[in-house]
Amino acid sequence: MELSQSNQILYMSLTAILIFLLSRLFSLFWLSPTSSRRRLHLNGFDGPRPSFPWGNLMEMYRKVDRSNSFGISHNIHSTVFPYFATWRKIFGKVFIYWLGTEPFLYIAEPEFLKKVTSGGMGKKWGKPNVFKHDRKPMFGKGLVMVEGDDWTHHRHIIARAFSANNLNSMMGKMVESTMNMLDTWSNRLAIGIHEIDVENDITKNAAEIIAKASFGISQENGKKVFEKLQAMQIMLFRSNRLVGVPFSKILFPKQSYKAWKLGKEIDQLLLTIISSRRENPASNAQKDLLGFMFAENEEKAPTSKRKLTSRELVDECKTFFFAGHETTALALSWTLLLLALYPEWQKALREEIEEVSKGEPLSADMLVRLTKMGWVWNEVLRLYSPAPNVQRQAREDVIIGDVVIPKGTNMWIDVVGMHHDPTLWGDDVNEFKPERFKDNINGGCKHRMGFLPFGFGGRICIGRNLTIMEYKIVLSLIIRKFSLSVSPTYIHSPRIMLSLRPSQGVPLILHHL
Ligand code: HEM
């Protein structure tokens with residue numbers, strides 16, 4: 001009798017817990033998104049109808065033929081974002097769509113973007129939590145992800161580590177890695193292989209450069225970190241995550257476990273590098289970002305100021321690797337393709353390099369004088385922006401006049417959409433015309449927030465000086481030595497895989513000059 005009574009109590013308690021959990025889940029994943037949707041709708045934001053629990057993901061993942069069978073067109077927006085292109089025709093340049101149960105405010109209208117983010121509004125936006133979870137193995141609590149006072153503190157220390165002097169001291173590492181890549185290209189040419197998938201090699205080279213620049217790979221542990229970071233990159237890249245869908249991680253347990261395990265190994269190795277540098281201050285003086293952050297952290301920061309912990313330094317090293325190498329490699333790969341397509345620009349840049357360097361090795365001062373290369377850089381970032389979108393999430397209600405963007409709403413800025421918008425750039429928007437940047441740093445865009453390859457506001461990319469330096473060095477070394485033309489096997493198939501990639505590689509035909 002007593003036993004059955006205690007069984008009954010246990011049964012009732014379990015039922016109560018289950019009902020409580022189910023109602024919490026119901027409220028979190030159904031009631032709360034539904035009420036957000038109603039609020040957004042009342043504030044005039046329309047958009048495609050979401051379904052539970054996918055939101056609009058099913059329409060977004062629908063297969064479309066993305067290859068451009070009619071030759072190479074730079075009019076890529078409807079190829080890379082077919083769903084946005086369709087919804088824009090119906091709902092305009094600002095609307096709401098859903099990733100799972102997460103509302104996203106789509107923006108391809110720079111004036112609207114300015115209104116909701118400028119002045120005091122900037123502080124109301126953070127980074128979307130939904131991506132923080134998804135990208136944790138890559139960025140941890142590095143600069144890309146932190147917010148508030150933590151962000152100010154990290155940004156301050158890291159910005160100083162990225163000073164012009166520090167960056168200049170890294171030039172040698174960039175030249176060294178690139179020369180090794182070019183030697184392998186020469187060897188292939190010597191045995192009659194002229195077709196090279198430059199994207200593949202450029203990405204490996206950029207990964208090596210950023211690893212050297214971030215934490216050094218001359219020692220065993222550095223090399224291991226580099227290899228594991230590359231393995232993680234490939235794995236995360238292959239994983240098809242259902243961002244925003246509740247519990248979607250449990251659908252991919254093997255990948256999640258592998259990413260977690262690799263992440264732990266990388267952390268451990270980086271922690272070992274950091275402790276060995278702490279214990280041996282002589283090796284601390286290494287000219288890489290970790291060394292520079294150490295210097296800022298340990299020596300220059302007043303003792304009263306909080307320092308970056310070893311754990312935070314680990315996350316920053318991973319952040320530099322993931323935020324820095326693929327983006328730079330893509331800018332270079334798209335550039336090589338465009339220079340192969342437009343030999344007159346290849347020639348112009350080659351002449352400029354010779355004029356500036358007079359055959360001498362490049363110095364930091366010479367890089368600044370490669371102005372035409374600067375126009376090409378901007379034009380490539382405009383047409384094929386490696387970072388195709390910028391995101392934020394409202395940390396509190398954002399009120400502009402009568403319109404309220406409720407706390408928790410994510411913002412998705414369609415950079416590709418704005419960079420290809422004829423109302424902002426004119427009828428030649430889809431043409432490769434580097435000279436549009438000749439007398440205008442905004443390339444003649446009618447709105448200063450219409451050209452955003454590096455994001456905007458306080459969170460603008462911290463690595464942009466490093467990346468342009470690497471770009472100019474690698475590109476100069478390549479076009480000084482080789483002529484480039486497009487291989488008949490090239491298929492123009494730009495695709496979004498986190499970044500904007502040539503999904504079938506960039507096979508080019510190379511010849512020694
Ligand atoms: C062509 C190359 C690159 C492109 C197109 C690019 C683009 C971007 C964009 C769009 C953002 C987001 C800005 C925002 O949210 O408003 C960003 C942030 C960031 N980038 Fe880059 N990036 C490049 C190279 C690099 C490199 C080489 C590094 C480091 C070595 C780097 C490190 C970062 C970091 C740490 C952030 C976060 C900044 C913050 O939140 O304060 N990036 N980048």
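Student: Which element gives the largest share of the shell around the ligand?
Tutor: In this predicted model, α16 contributes the largest share of that shell, with 5 residues. The helix covers residues 310-341.

Student: Which other elements supply at least two residues of the shell?
Tutor: Besides α16, they are α8 (148-161), β5 (389-394) and α22 (464-481).

Student: How many residues surround the ligand, and which are the closest?
Tutor: The ligand is surrounded by 26 residues, and the closest are W151, R155, R392, R459 and C461. By class, the shell has 15 nonpolar, 7 polar and 4 charged residues.

Student: What is the protein donor to the iron atom of the ligand?
Tutor: The single donor from the protein is SG of C461, 2.3 Å from the iron. C461 sits in the loop between α21 (422-425) and α22.

Student: And which atoms of K127, W151 and F456 lie by an oxygen atom of the ligand?
Tutor: For W151, a polar side-chain atom is 2.8 Å from a ligand oxygen. K127 also places a polar side-chain atom by a ligand oxygen, at 3.2 Å. With F456, a backbone N or O atom lies 3.1 Å from an oxygen of the ligand.

Student: Changing topic, how are β10 and β11 arranged?
Tutor: Strands β10 (residues 494-497) and β11 run antiparallel and are joined by 4 bridges. M497 stands opposite S499 of β11. The hairpin has 1 residue between the strands, and L498 takes a positive phi near 65° there.

Student: Is L498 buried, exposed or partly exposed, and why?
Tutor: L498 counts as partly exposed because its relative accessibility is 46%, and the cut-offs for that class are 20% and 50%.

Student: Which way do the residues of β11 point?
Tutor: S499 and R501 point one way, L500 and P502 the other, and all are buried. In a regular strand, side chains alternate between the two faces of the sheet.

Student: Where is K358, and what is its phi?
Tutor: K358 is in the loop between α17 (343-357) and α18 (364-368). Its phi is positive, about 50°, although K358 is not a glycine. K358 counts as exposed because its relative accessibility is 66%, and the cut-off is over 50%.

Student: Where is the cis peptide bond that involves P53?
Tutor: That bond joins F52 and P53, with omega about 0°. P53 belongs to the loop between α1 (2-42) and α2 (57-61).

Student: Finally, what span should α13 have?
Tutor: Helix α13 (residues 253-279) has 27 residues, so at 1.5 Å a residue it should span 39 Å, and its end C-alpha atoms are 39 Å apart, in agreement. Its buried residues include L262, I266, L269 and I273.

Terms used
Residues are numbered from 1 along each chain as its sequence is written. This is a predicted model: local features need pLDDT of at least 70, side-chain atom pairs count only at pLDDT 80 or more; totals for chains, interfaces and linings use all residues. Side-chain values use heavy atoms; hydrogens and water are left out. A residue is near a molecule or strand if one of its heavy atoms lies within 4 Å of it. A polar contact is a pair of N or O atoms within 3.5 Å; within protein, one must be able to donate a hydrogen and the other to accept it, and residues adjacent in sequence count only if both atoms are side-chain atoms. Ala, Val, Leu, Ile, Met, Phe, Trp, Tyr, Cys and Pro count as nonpolar, Asp, Glu, Lys and Arg as charged, and the others, Gly among them, as polar. The expected span of a helix is 1.5 Å times one less than its number of residues. Buried means under 20% relative accessible area, exposed over 50%, partly exposed in between (1.4 Å probe, protein chains only). Two strands pair if DSSP finds at least two bridges between them. Donors are N, O and S atoms within 2.8 Å of the metal (3.2 Å for Na, K and Ca); water is not among the atoms, so sites may look incomplete.
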